[in-house]
There are 2 protein chains.
Amino acid sequence: MAEREQTEAEYLASYNPRAFPPQSVTVDMVLLTIRDGALSVLLIERGGHPFKGYWALPGGFVGSDEGLDEAARRELAEETGLEEFPGHFEQLRTYGAPARDPRMRVFSVAYLGFMPNLPAPMAADDAAQARWWPIADLEVTDGDELTYDQLAFDHSAILLDGLDRARAKLEYSTLATSFVKSPFTISELRRVYEAVWGVKLHDANFRRKVLSTEGFVVPTGGRKSIGRGPGVQLYRPGEGKILFPPMLRPAWDESE
Amino acid sequence: MAEREQTEAEYLASYNPRAFPPQSVTVDMVLLTIRDGALSVLLIERGGHPFKGYWALPGGFVGSDEGLDEAARRELAEETGLEEFPGHFEQLRTYGAPARDPRMRVFSVAYLGFMPNLPAPMAADDAAQARWWPIADLEVTDGDELTYDQLAFDHSAILLDGLDRARAKLEYSTLATSFVKSPFTISELRRVYEAVWGVKLHDANFRRKVLSTEGFVVPTGGRKSIGRGPGVQLYRPGEGKILFPPMLRPAWDESE
DNA sequence: ATAATAGTGTCTCTCAGACAGTATGTG
DNA sequence: CACATACTGTCTGAGAGACACTATTAT
């Protein structure tokens, strides 16, 4: 007897998605800001299993009718307590080693976010506490401080990838402005670069570079009085997104 | 009666992964090469539902005990028919719009690969045919040619993201060498840039840039005779991975 | 010889690094 | 006043764009 070829509708009706082993997808955030001149990452202390008591990147499962960016935006709103996320975020990369989560096969789509240092609620949604950790403190290996390898899951690797991406992004984009509240001074913007890159930049040359790059910053006309020195010219972010020629990072440590 | 706190082992034993709606993860490849001077992408014609008869990026489901890079490497081996993939590949980004696959919730982790133009078997593993499509042919919107919007799923968006990434990568990395068979001439390397960027480069300045960048190319000492012109010096890829200062792309079309 | 491509040399302009120096406020 | 920070100006050297020119070989 002749078999009629199956239509797409028939194929879909007979398709059984439960035939595959269960897998799940989460969104995890590397959320960076600058507090007291130090580049810092938001971590939460896990209140439940697995990795109970460990510090981890904030994140959660992707809802069944939710896109990835949408899930990231929801996580950001929950973590910062703000409806609209006041900064920049972008997808970082996806992690899917078979045993990275002991519960089941879980793929994590990591996102990278930059935001200014807001005195915001920063309410953790569940019982776990949330706090900003200076990156420099995570790099010490002695003492009883938190270090990279004490993070839950593979979050230390995700954090390191996020830091690499953030450092590279400042070179060829204007995203440094998303680390500061607007309006800001040129020196505040310079301190963003210094905090993220961990270097000292030459004040005069930095100023010339920023002001000569069209679309990077726009003067607001306002001035701000600060101790020790004259009033300071204020700026807001410009329309430009890419920085060309790029800002050059001194002491080239791209060795790894 | 006092409830004892649950241990992680107990938690995992009681964890039911089937409590969540089924989701799945695939790996899709944007595999690029240069054929007859034209940047080209490998596409397969789908032999089964869904999107039967449409052209699509090669890819497949991630095995339950398989990492993401591992799955990409397996796909590359299947598509090229070569055990070891002769080029470069890296993760591009992940796509997870809720309705991007009509069967179920499928997340696609896209990879980007560069390889030289090999007269390799290129055996499609299943019944579908596989072939290289010149990118320029996909950009025409009139006629009955294949165009971007005739690709299956959201593969046109993935392809466009891959092209963007490839074009950017050539600026600040030495990865152009993974598009050519070694040994190669400086002019062959220049034609890689010209094909990927779609521009003409100035021969003398390109040569100076490549040869003055330490670690980009290494002379093999060999020469190659070619019609119309003198013998040509041959090179192989150097150890350097990043290109600093970057190769500058003329006619800045990064507007989008 | 002619055409075509490989390869060298040089001028100019842009821009980053370095540094001197001025202005203006606070202790 | 001393000092710290904001801001301006200038010199220099590296490197990219443009172009002229030579070398070599197939037709």
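**Reading the interfaces of a predicted model**

Q: How much area do chain A and chain B bury between them, and what part of it lies on carbon and sulfur atoms?

A: Chain A and chain B bury about 4,000 Å² between them, with 59% of that area on carbon and sulfur atoms.

Q: How many salt bridges and how many polar contacts are found across this interface?

A: For the interface of chain A and chain B, the rule finds two salt bridges, and it also finds 11 residue pairs in polar contact, both residues being at pLDDT 80 or more.

Q: Which side chains meet in a salt bridge at 3.9 Å?

A: Those of Asp69(B) and Arg93(A) do, the 3.9 Å being the distance from N to O; the pair counts as a salt bridge because the cut-off for such a nitrogen and a carboxyl oxygen is 4 Å.

Q: Into which domains is chain A divided, and how many residues does each give to the contact between them?

A: Chain A is divided into domain 1 (22–170) and domain 2 (173–237), and their contact takes 17 residues from domain 1 of chain A and 12 residues from domain 2 of chain A. These two domains bury about 1,300 Å² between them, 69% of it on carbon and sulfur atoms. Across the interface of domain 1 and domain 2 of chain A the rule finds zero salt bridges, although five residue pairs are found in polar contact, both at pLDDT 80 or more.

Q: Which element gives the largest share of the side of domain 1 of chain A that touches domain 2 of chain A?

A: Helix 4 of chain A does, with four residues.

Q: How is a pair of aromatic rings described?

A: Such a pair is described by the distance of the centres and the angle of the planes. Here the search of the whole structure finds 16 aromatic pairs over all chains, and one of them, Tyr193(A) with Trp197(A), is edge-to-face, at 5.0 Å centre to centre and 75° between the planes. Because Tyr193(A) and Trp197(A) are four residues apart in helix 5 (residues 186–197) of chain A, they are separated by about one helical turn.

Technical notes
Residues numbered from 1 in each chain as written. Chains lettered and ligands numbered in written order. Predicted model: local features only at pLDDT ≥ 70, side-chain atom pairs only at ≥ 80, totals over all residues. Heavy atoms only, no water. Buried area = accessible area lost by both parts, 1.4 Å probe. Polar contact = N/O pair within 3.5 Å; in protein donor to acceptor, adjacent residues only side chain to side chain. Domains from an automatic or database assignment. Contact = heavy atoms within 4.5 Å. Helix = DSSP H or I, 4+ residues; strand = E, 2+ residues; numbered from the N terminus. Phe/Tyr/Trp six-rings, centres within 6.5 Å; stacked < 30°, edge-to-face > 60°.
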